[in-house]
Amino acid sequence: MRALLALAALVLGTVQAQATGALTLRFLDVGQGDAVLITSPEGKSILYDGGRSEARIQALLKGYGVQSLDLVAASHGDADHITGLVPAVRLFKPKFFLNNGIAPTSQTWGKLTAAVQQAGTQGLLARDQVINLGSVRVTVLPPPPGMPRDEQNVNSVGLLIQYGSFRALMTGDSETPETQAWLRKYPASVLGNIDVYKSIHHGAANGDHSAWLAVVQPKNVVIGVGPNNYGHPTSQALELYRRAGATVYRTDRQGTVTVVVQANGRFAITSEKGAPVPANQGTTSGAASHPATPASPVYRSCAQARAAGVTPLRRGQPGYSTSLDRDGDGIACE
């Protein structure tokens, strides 16, 4: 909880801007790997991982009409997560590159860091902080202390995405020691009630586990997976998601999975391939579903909230208060 109180804020875009569109999350079909494109209602974008193919990510970003990226993030340094970040950095020259600070000894990592340097992109070490992506709140889950520095998976960087009452969670290829440490560090109200959840490690047997999912409570799970010799997704992971009551989407079967979220938290999920995905839990209700964490910061004025870079504050977000919400529309310090 202390860590949450110490959150620092990074602003990408004008946080006071009124949202005129919707938040879009695209779980890109990059084959065996992960890549998630997050675009705020104001057009600010984050690419979280880039898959293992430079050509594929370029084609996808072009196909979806991406004009710019404000931040690229590597969950960790494995090739199936960072290879596609190389052309993304070269093409869009994002302002920031978020990573775990542990350099793998690979040619791909060398290419990526060279591209970052040539683009003038600023490195951003993952720590307890909030990134304001326009009106979307992105909470960084840094690797917990004590993880072995020579193991990339357990040093994965997670992102919690919040827009209105909607919540999405992505945690790279984390393994049990890391998720257990996060469970000790964060209250369940921070990690839980997740509307859309990216499966850990492509559905590997050493990723998700019952204690973790009991807190996360994912309603929908997206598995970034392609043809592979690892057995991903494993029957163990699929059984865990079934027991959690989650609807499962797989990029190997359904292609890119797109989530469009409205300001009121209602969302719809569509997929690139196959039959239309039936509506499942495509709506969320609001504050009652996501009570504020006990560690929520308290802002005595909007000036104080703006100074912290967290405005506008929506009902259900840490720091929201009815005393700051003068018109009672659920958005304080507009």
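The following questions and answers concern a predicted model of one chain.

Me: How many contacts beyond near neighbours in sequence does the stretch 14-19 have in the model, where pLDDT is below 50?
Reply: Residues 1-6 stay under 50 in pLDDT, and the model has 13 contacts for them beyond four places in sequence. Where pLDDT is low, the predicted coordinates should not be read in detail. With that caution, the count for residues 14-19, also below 50, is 15.

Me: Are α4 and α5 roughly parallel or roughly antiparallel to each other?
Reply: Helix α4 spans residues 85-92 and helix α5 residues 107-119; their axes are 9 Å apart and meet at an angle of about 10°. Angles under 35 degrees count as roughly parallel. The two helices, α4 and α5, are therefore roughly parallel.

Me: Is the ring pair of Phe97 and Trp109 stacked, edge-to-face or tilted?
Reply: Phe97 belongs to strand β6 and Trp109 to helix α5, 12 residues apart, and both are buried. Their ring centres are 6.1 Å apart. Planes under 30 degrees apart count as stacked and over 60 as edge-to-face. The planes here stand at 45°, so the pair is tilted.

Me: How many residues apart in sequence are the parts tied together by Phe166 and Phe267?
Reply: The ring centres of Phe166 and Phe267 are 5.2 Å apart and the planes lie at 65°, so this pair is edge-to-face. Phe166 is buried at 0% relative accessibility, and Phe267 is buried at 4%. Phe166 sits in strand β11 and Phe267 in strand β16, so the parts tied together are separated in sequence by 101 residues.

Me: Is Val260 buried, exposed or partly exposed?
Reply: Val260 is in strand β15. Beyond four places in sequence, Val260 touches Ala22, Leu23, Thr24, Arg266, Phe267 and Ala268. Buried means under 20% relative accessible area and exposed over 50%. The value for Val260 is 30%, so this residue is partly exposed.

Me: What separates the C-alpha atoms of Val260 and Leu23?
Reply: Leu23 is one of the residues that Val260 touches. Along the chain the two are 237 residues apart. Their C-alpha atoms are separated by 5.8 Å.

How values were computed
Residues numbered from 1 in each chain as written. Predicted model: local features only at pLDDT ≥ 70, side-chain atom pairs only at ≥ 80, totals over all residues. Heavy atoms only, no water. Axes fitted to C-alpha atoms, helices over the stretch in contact; angles between N-to-C directions. Helix = DSSP H or I, 4+ residues; strand = E, 2+ residues; numbered from the N terminus. Parallel < 35°, antiparallel > 145°, perpendicular 65-115°, else oblique. Phe/Tyr/Trp six-rings, centres within 6.5 Å; stacked < 30°, edge-to-face > 60°. Buried < 20%, exposed > 50% of the residue type's maximum accessible area, 1.4 Å probe, protein only. pLDDT = per-residue confidence, 0-100. Contact = heavy atoms within 4.5 Å.
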